[in-house]
Amino acid sequence: MRASSDDILTSHVGSLPRPDDLIAANRARETGEAPGEHDFWETLRAAVAAVVRRQRDLGIDVPGDGEFGKSVGHRVNYGAWWNYAFHRLGGLELGGPSLDTRAPRQSRPGEIVLTSAANRRDRVRFAAAYADRESGVWMGPRPATGPVCVGPLTYTGHEAIAADITNFKAALQAAGVEEGFMTSVAPGSAYRIPNNYYKTDEEFLYACADAMREEYKAILDAGLILQFDDPATATGWDMIDPEPTVEEYKKFTMVRVEALNHAIRGFPEDRIRFHLCWGSWHGPHTTDIPMRDIVDVMLAVNAGAYSFEVGNVRHEHEWKVWQDVKLPDGKLILPGVVSHATNVVEHPELVGERILRFVNLVGKERVIASTDCGLGGRVHPDIAWAKLEALAQGAALATRQLRR
């Protein structure tokens, strides 16, 4: 994984705005009105090539493929980062309840369970705002159904991940970019679906880890940087009713971290990034767990770099956590210095100031300036690209400041 020796490097979290022709092609496939396979793959290949080239032109040093291989059929989309995996896992049956429509579940002392997404404590408190399409909180079309595990989990996405890798590597080569990253959902986030097959929750979790390991290995074997998307590490807190103690939650979450470490055993840590966030929906987030309470859980992941939110105004103050927490030797951080959570485009000077906070705490060579979360599907495409431009400009300002 590249580290800065001179300029402050830039990257982002993953999802970028899909072009309209790719969205239309995805929607046609999802509704069974697919264009010819040749035409679809040509559209996808061209889109990946264009998105890598655009990142390079804006000054993004470590680009991604925009997650374009994960189907998005509408401009507003908050779910592709994890629900793509439902089509790459055998043992699942579609047509069950979605995460939104599942029945609420209550936790008891010593027995933590996740409730439905619709019953998150933040969504219950601000139910009227979440239901109002004009409030700015609406999350776009929500799936009415979801998968259910009915048999042994196996990985069936070999062709899909091979195509993603081929398209991305060709785009990197054409753009003259030496390093790129690809995202994949972590087991602790992926397995949060109904289970009618495995005897215990932990058995189900580890089966998901073993199955998804094949995708993780394919990305690393291709010479790419692997980024794990695992918002459940933080957002699980808001899906537990009643609210547990911090220690209970950390114990619950560490089981999921251990499953992830099991899935990547023997893989090179220095080519793995881990992304933690509190969910990319544009809600109040008043029930987010503080970073200070889970930073040690995040650092327990066997990764070489850690991505997290700090541009989001609910979490910007938490840069101070790193005054007290020592970043392990040899590790990097990717603080999110522009945010998916607002349509306001950050001023490059503010971006530069945010970057310098972390540089002053851990050193320039250990900071890669990034975004809070994925921008695609969360803000308008024009705004998303303006934010990436502000990110690159802010990093350049911070670099100049350090050279004075």
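In helix α10 (residues 246–263), the residues Y249, K250, F252, T253, R256, V257, A259, L260, N261 and A263 are buried, where buried means under 20% relative accessible area, exposed over 50% and partly exposed in between, for a 1.4 Å probe and protein chains only. Helices (H or I, at least four residues) and strands (E, at least two) are DSSP runs, numbered from the N terminus. The model is predicted: local features need pLDDT of at least 70, side-chain atom pairs count only at pLDDT 80 or more, and totals for chains, interfaces and linings use all residues. Residues are numbered from 1 along each chain as its sequence is written, and side-chain values use heavy atoms, with hydrogens and water left out.

The buried residues of α10 pack against α7 (187–190), α8 (201–221), β5 (225–229), α9 (232–235), β6 (272–275) and α11 (291–299); contact here means heavy atoms within 4.5 Å. The expected span of a helix is 1.5 Å times one less than its number of residues. For the 18 residues of α10 this gives 26 Å, which agrees with the 26 Å between its end C-alpha atoms.

Two strands pair if DSSP finds at least two bridges between them. Strands of a sheet pair through backbone hydrogen bonds, either parallel or antiparallel.

Strand β6 is covered on both faces: I272 and F274 on one side, and R273 and H275 on the other, are all buried. Four bridges link β5 and β6 in the parallel sense, and Q227 has R273 in β6 as its bridge partner. Towards β7 (305–309), β6 runs parallel and is joined by three bridges; F274 is partnered there by Y306. Further along the sheet, β8 (332–338) and β9 (368–371) run parallel and are joined by two bridges, with S370 in β9 as the bridge partner of G336.

Just after α13, G363 takes a positive phi of about 105°.

The loop between β7 and α12 holds W319. Apart from its neighbours within four places in sequence, W319 is in contact with V310, R357, F358 and L361.

Axes are lines fitted to C-alpha atoms, for helices over the stretch in contact, and angles run from 0 to 180 degrees between N-to-C directions. The axes of α14 and helix α2 (residues 37–58) come within 9 Å and cross at roughly 40°. That makes α2 oblique to α14, since angles under 35 degrees count as roughly parallel, over 145 as roughly antiparallel, 65 to 115 as roughly perpendicular and the rest as oblique. In this contact, V51, R54, Q55 and L58 of α2 meet W385, L388, E389 and A392 of α14.
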